[in-house]
Amino acid sequence: MGDRILRRYFAAAMLFALLAAQGEARPYQEMFPGRTDFSEAEKPLLEKLDFQQGAIKLPEAKATLNVPANFYYLSPADTKTVLVDIWGNPPAAADGMLGMIFPAKYAPTDPESWGSIVEYSADGYVSDSDAATTNYDELLQNIKDSISERNPEREKQGFPKITLVGWASAPHYDKPAHAMHWARDLIFGNDTQTEHTLNYSVRVFGREGVFEFDFVAGLGQLKEIEEVIPTVTKLVQFDKGMAYGDYVDGDKIAAYGMAGMIAAGAGAKIAAKVGLLALALAFFKKAGILVVVLAGGALRFAKGLFTRNKTPTA
């Protein structure tokens, strides 16, 4: 009889642990205890959001996002609330997102907040064979030239001129984590004295595709983001048999390598040079600052400009 009770207790405990592992959703009052500075315009918007931590299952990517206490995750629906209702973008702008992650010290309504879009590209296995041999300074110059060549057409279409100043953080391949990350220093428009823009990208590779983190931030937040990159590269846990090391001969191979992924969106000429067959360019704007976000190789079309308003709209 005692053994039966013990087994039931153990089963109940395991069920509780399993449910807890699915991710804990909290209201904003619990996520930001003690804060009394939220405006009456912000409160109803924050009420719509579930701030999740813990294990977040993402079946589309055949992976789990393990969100620690110093971050929180927002679902695709909540991401749409942030991008559309809080940051003032058209509804179609949030299509296809797997969510967003934010540092726990910021609410999405905070003017100084920054976060990362979360996406997944099922493009196949990305070979890392060129990670150590690519000349990233040469790649940078090729991307600069391509962007410059495309600027006249970009301006004709009503988009601002882009100047790639250089690497804000040079490409680095974390081989144990099978993750590549890099950052670019950008200027939008003709005013060279304007505030620079940060484009920080992290890619975590799996057997069948690439997990993508693209940070929406200003250049002044580079140090903050660099400090959390080691955490971000370890957030993704692929399902059993889906990790990068599970690759076997015959698996689908992506049409691009590391250099091609970094060059995505720079233009057909540079894409051809590095063997990239699929490319995309999307634009983000935060507090008046555009941030280029490079998609990891999937052929996508820009959804328009993401705007970031300091004052939320109801």
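Predicted model: local features only at pLDDT ≥ 70, side-chain atom pairs only at ≥ 80, totals over all residues.
Residues are numbered from 1 along each chain as its sequence is written, and side-chain values use heavy atoms, with hydrogens and water left out. Local features need pLDDT of at least 70 and side-chain atom pairs count only at pLDDT 80 or more, while totals for chains, interfaces and linings use all residues.

Q: What is the mean pLDDT of the protein?
A: pLDDT is the predictor's confidence in each residue, from 0 to 100. Of the residues, 76% reach 70 or more. The mean is 79.

Q: How many contacts beyond four places in sequence does the model have for residues 267-314?
A: Contact means heavy atoms within 4.5 Å. Over residues 267-314 the pLDDT stays under 50. The count of such contacts for this stretch is 158.

Q: What percentage of the residues of the protein count as buried?
A: Buried means under 20% relative accessible area, with exposed over 50% and partly exposed in between (1.4 Å probe, protein chains only). The protein has 314 residues. The buried part is 52%.

Q: At which residue does H5 bend?
A: The bend is the angle between axes fitted to the seven residues ending at a residue and the seven starting there. In H5 this angle is about 40 degrees, and proline 152 follows within four residues of the site. The bend is at arginine 150.

Q: Is arginine 207 buried or exposed?
A: Arginine 207 lies in the loop between strand S9 (197-205) and strand S10 (210-218). Residues that it touches, not counting those up to four places away in sequence, include Tyr125, Met242 and Asp251. Because its relative accessibility is 18%, arginine 207 counts as buried.

Q: Which residue's backbone oxygen lies 3.0 Å from a polar atom of the side chain of arginine 207?
A: A polar contact is a pair of N or O atoms within 3.5 Å; within protein, one must be able to donate a hydrogen and the other to accept it, and residues adjacent in sequence count only if both atoms are side-chain atoms. The backbone oxygen at 3.0 Å belongs to glycine 241.

Technical notes. Helix = DSSP H or I, 4+ residues; strand = E, 2+ residues; numbered from the N terminus.
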